[in-house]
Amino acid sequence: MRADATKGVVETMTTGRPDPGLNAIMSERRHLLNLAYRLLGSLAEAEDVVQETYVRWYAMPRQQQDAIESPGAWLTTVASRICLDLLGSARARRERYVGEWIPEPLPEHTEWTVVDPADRVTLDESINMAFLIVLESMTPAERVAFILHDVFRYPFAEVAEIVGRTPVACRRLASSARRRIRTSRAPATPTARQADIVRDFKRAWEAKDIAALVGLLDPDATTIADGGGLVSAELHPIQGSEQIARTIIDIAGKAPDMTILERTVNGQPGLVLQQAGVTVTVIAFDIADDRIRHMWAIRNPEKLRPWTN
């Protein structure tokens, strides 16, 4: 169930019952979507969390709603707790996932197929693919404490109420998460330089120039693909610049009608592969010292919904 479904549910629940606070309540939707996406790495799950949050709000009697001093804070708390529960079960679900699991990629806003601005996730450094991959390595409590405090600036007293731990414990969780981020993060490469490298990679791929591709990749580069068992994809990471270069040249040879487009993926320069005008793969990059360290190729069609008209 998606954002338009959320509106439908709310309209149904409020039919025949004037609700002067409806606009204020619904204005929180974008904030909730931004929060849930960062916590879950899945746009589809984030949208479902937002809907469930509104369902719970409108399931309360009006008198109980009116007694809540800050509806926005209540909505954030409920959405965060739903996400915390989902994160707790996500590991088991992803152990059953076919192949590697990669967060859902997001297009830049000019290409977003959803018109309503309230349904768009804000593109900043906290949703680039490398950042989301590190978040996946955290415990659910670490992830929630870190995102709420470091990204959304909630005080630890409020984070503690949401996570169900003491403020001191939440401070420790966020600190642990911060260390994970620092350990994995390479010196930032300017976006313009990243775009140049991705463009050179695209041209070398189109030209089937293995030497040029190897030169753009870190010798220890890694490529991970996510097909979810729904489309063909490498089930295990591909290691090493030469192996990666040969693999993607082989892919190009098997799909002569493939078009490679430069696009923004989660706020960073990336590539989109299309066949017959349909997006079949979205590729995100992690670049450091003018070399590509990681490539994430998302092929699972269920994760490409925002990229398909």
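Student: Where is asparagine 128 placed?
Tutor: Asparagine 128 sits in the loop between α6 (71–95) and α7. Helices here are DSSP runs of H or I with at least four residues, strands are E runs of at least two, and both are numbered from the N terminus. This is a predicted model: local features need pLDDT of at least 70, side-chain atom pairs count only at pLDDT 80 or more, and totals for chains, interfaces and linings use all residues. Residues are numbered from 1 along each chain as its sequence is written, and side-chain values use heavy atoms, leaving out hydrogens and water.

Student: Is asparagine 128 buried or exposed?
Tutor: Asparagine 128 has a relative accessible area of 15%, so it counts as buried. Buried means under 20% relative accessible area, exposed over 50%, and partly exposed in between, using a 1.4 Å probe and protein chains only.

Student: Which backbone nitrogen lies 2.9 Å from a polar atom of its side chain?
Tutor: That of phenylalanine 131. A polar contact is a pair of N or O atoms within 3.5 Å; within protein, one must be able to donate a hydrogen and the other to accept it, and residues adjacent in sequence count only if both atoms are side-chain atoms.

Student: Beyond four places in sequence, what is asparagine 128 in contact with?
Tutor: Asn266 and Gln268. Contact means heavy atoms within 4.5 Å.

Student: What does asparagine 266 do in the hairpin?
Tutor: It is in the turn of the hairpin of β3 and β4, with a positive phi of about 50 degrees. Two residues separate those strands. β3 and β4 pair in the antiparallel sense over 7 bridges. Strands pair if DSSP finds at least two bridges between them. Threonine 264 has proline 269 as its bridge partner in β4.

Student: And how many bridges join β4 to β5?
Tutor: There are 5, and β4 (residues 268–275) and β5 (residues 278–288) run antiparallel. Glutamine 275 is bridged to valine 278, and glutamine 274 to threonine 279. This hairpin also has 2 residues between its strands, and alanine 276 takes a positive phi near 55 degrees. As for burial, 7 of the 8 residues of β4 are buried.

Student: What's the strand order in the open sheet?
Tutor: β2-β1-β6-β5-β4-β3, with mixed pairing. β2 (238–239) and β3 (259–265) are the edge strands, each pairing on one side only.

Student: Which strands does helix α7 lie across?
Tutor: α7 (residues 129–136) lies across β5 and β6 (291–298), at about 75 degrees to β6. Helix α13 (residues 241–254) packs on the sheet too, touching β1 (217–226), β2 and β6, and its direction makes about 45 degrees with that of β1. Axes are lines fitted to C-alpha atoms, for helices over the stretch in contact, and angles run from 0 to 180 degrees between N-to-C directions.

Student: New topic. At what angle do α9 and α10 pack?
Tutor: About 95 degrees, with the axes 8 Å apart. So α9 and α10 are roughly perpendicular. That label covers 65 to 115 degrees; under 35 is roughly parallel, over 145 roughly antiparallel, and the rest oblique. Residues making the contact include Phe156 and Val163 of α9 and Pro167 and Arg178 of α10.

Student: Last one: how many helices and strands are in the protein chain?
Tutor: 13 helices and 6 strands. Of its 309 residues, 49% are buried.
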